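Q: Hi! Could you walk me through a structure I have open here? I'd like to go through it bit by bit.

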Amino acid sequence: MKLLKLGKVERLLRSRVESGEKLFLLLSDPEKPISPNTVKLFEENGADVLLIGGSLNVTPYDIDEYIARLRVEGVKLPIVLFPGGLNNIAKSADAILFMTLMNSMDPYWIVGAQVAAAPIVYRLGLEAIPSAYIIVGHGGAAGHIGRALPIPYENGYIAAAYALAAEYLGARLVYFEAGSGAPKPVPVDAVAAASKVLSQALLVVGGGIREETLAAERLKAGADGVVIGTLAEKDPEKALRSSR
Ligand code: 1GP
């Protein structure tokens, strides 16, 4: 038997949560990347990690180029791939959310892409964070591309059942996703129900967080962190105010 050893990025995120902090995961899509200066603004104001990923029209070269630009400009945040597919695995990231799209109807997105990805992640030496991706409500592009059967907005208890199943299956991070730019974020009661049953996995929530109270309500309901993408691109100052 080998001992469970957490990677550097996961340890950092867990240590922040264990010390009572909430996580702010900034998301940049390399197709419309957030500029290095804006990323630095977020870094100086409490972002914990930069997620990079997108569903379409992204190559590993775009991601490596973007990361190189961020590093040259002095961005020090840990950079974690939030992969929309195999085309998002890039060697200069620090870690990858190694995700299964739990409520996909297509085995490819549940396990097929992961089997294809695993040897690449291993060869590149990326820290893999075992993660479950669960799509709720609108679902946006991720829901469409991932052939998800989104959990109805009103049925938070179903989302919680998925989260618990994810933890029992070994996920150490559960990501509730409403879809980028979704009209409504994941409902608070789904977050509260999941947070009540999870005992080990980090719970992060993203999609449609564009008003100042939306993140705070979800964090208060028990989310460990929020992901903000669209608002960070469009209105960084508001995104900062909305991240806590
Ligand atoms: C999308 O959850 C993320 O995958 C962030 O969504 O772009 O709506 O902030 P937004």
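Q: Let's start with Asn57: buried or exposed?
A: Asn57 is exposed, because its relative accessible area is 60%. The cut-offs, with a 1.4 Å probe and protein chains only, are under 20% for buried, over 50% for exposed and partly exposed in between. Keep in mind that this is a predicted model, in which local features need pLDDT of at least 70 and side-chain atom pairs count only at pLDDT 80 or more, while totals for chains, interfaces and linings use all residues. Residues are numbered from 1 along each chain as its sequence is written, and side-chain values use heavy atoms, leaving out hydrogens and water.

Q: Where is Asn57 found?
A: Look in the loop between strand E2 (49-52) and helix H3 (60-72). Helices (H or I, at least four residues) and strands (E, at least two) are DSSP runs, numbered from the N terminus. Asn57 has a positive phi of about 60° although it is not a glycine.

Q: And what is phi of Arg147 near?
A: Phi of Arg147 is near 50°, again a positive value in a residue other than glycine. Arg147 sits in the loop between helix H5 (140-145) and H6, and it is exposed, with a relative accessible area of 52%.

Q: Okay, new topic. How many aromatic pairs does a search of the whole structure find?
A: Five. Rings of Phe, Tyr and Trp (its six-membered ring) pair if their centres lie within 6.5 Å; planes under 30 degrees apart count as stacked, over 60 as edge-to-face and the rest as tilted. One of the pairs is Tyr108 with Trp109: the centres are 4.9 Å apart and the planes at 85°, so this pair is edge-to-face. Tyr108 is partly exposed at 34% relative accessibility, whereas Trp109 is buried at 18%.

Q: What about Tyr133 and Tyr175, how are those rings arranged?
A: Their planes are at 90° with the centres 5.1 Å apart, so that pair is edge-to-face. It links distant parts of the chain, as Tyr133 is in strand E5 (residues 127-135) and Tyr175 in strand E6 (residues 173-177), 42 residues apart. Tyr133 is buried at 7% relative accessible area, and Tyr175 is buried at 2%. Together with Phe82, Tyr133 and Tyr175 form one aromatic cluster.

Q: Which residue lies over the face of Tyr153?
A: That's Lys184, at 3.9 Å from the ring centre. A charge sits over a ring if NZ of Lys or CZ of Arg is within 6 Å of the ring centre and within 35 degrees of the ring normal.

Q: Now Asp224: where is its place, and is it buried or exposed?
A: Asp224 is in the loop between helix H8 (212-220) and strand E8 (225-228). It is buried, because its relative accessible area is 16%.

Q: What does Asp224 touch?
A: Leaving aside residues up to four places away in sequence, Asp224 touches Val17, Lys22, Leu23, Ala201, Leu202, Leu203 and Leu219. Contact here means heavy atoms within 4.5 Å. Asp224 and Val204 are 20 residues apart in sequence, yet 5.7 Å apart in space, C-alpha to C-alpha.

Q: Last one: at what angle do the axes of H6 and H7 cross?
A: Roughly 35°, and the axes of helix H6 (residues 156-168) and helix H7 (residues 188-197) come within 8 Å. Axes are lines fitted to C-alpha atoms, for helices over the stretch in contact, and angles run from 0 to 180 degrees between N-to-C directions.
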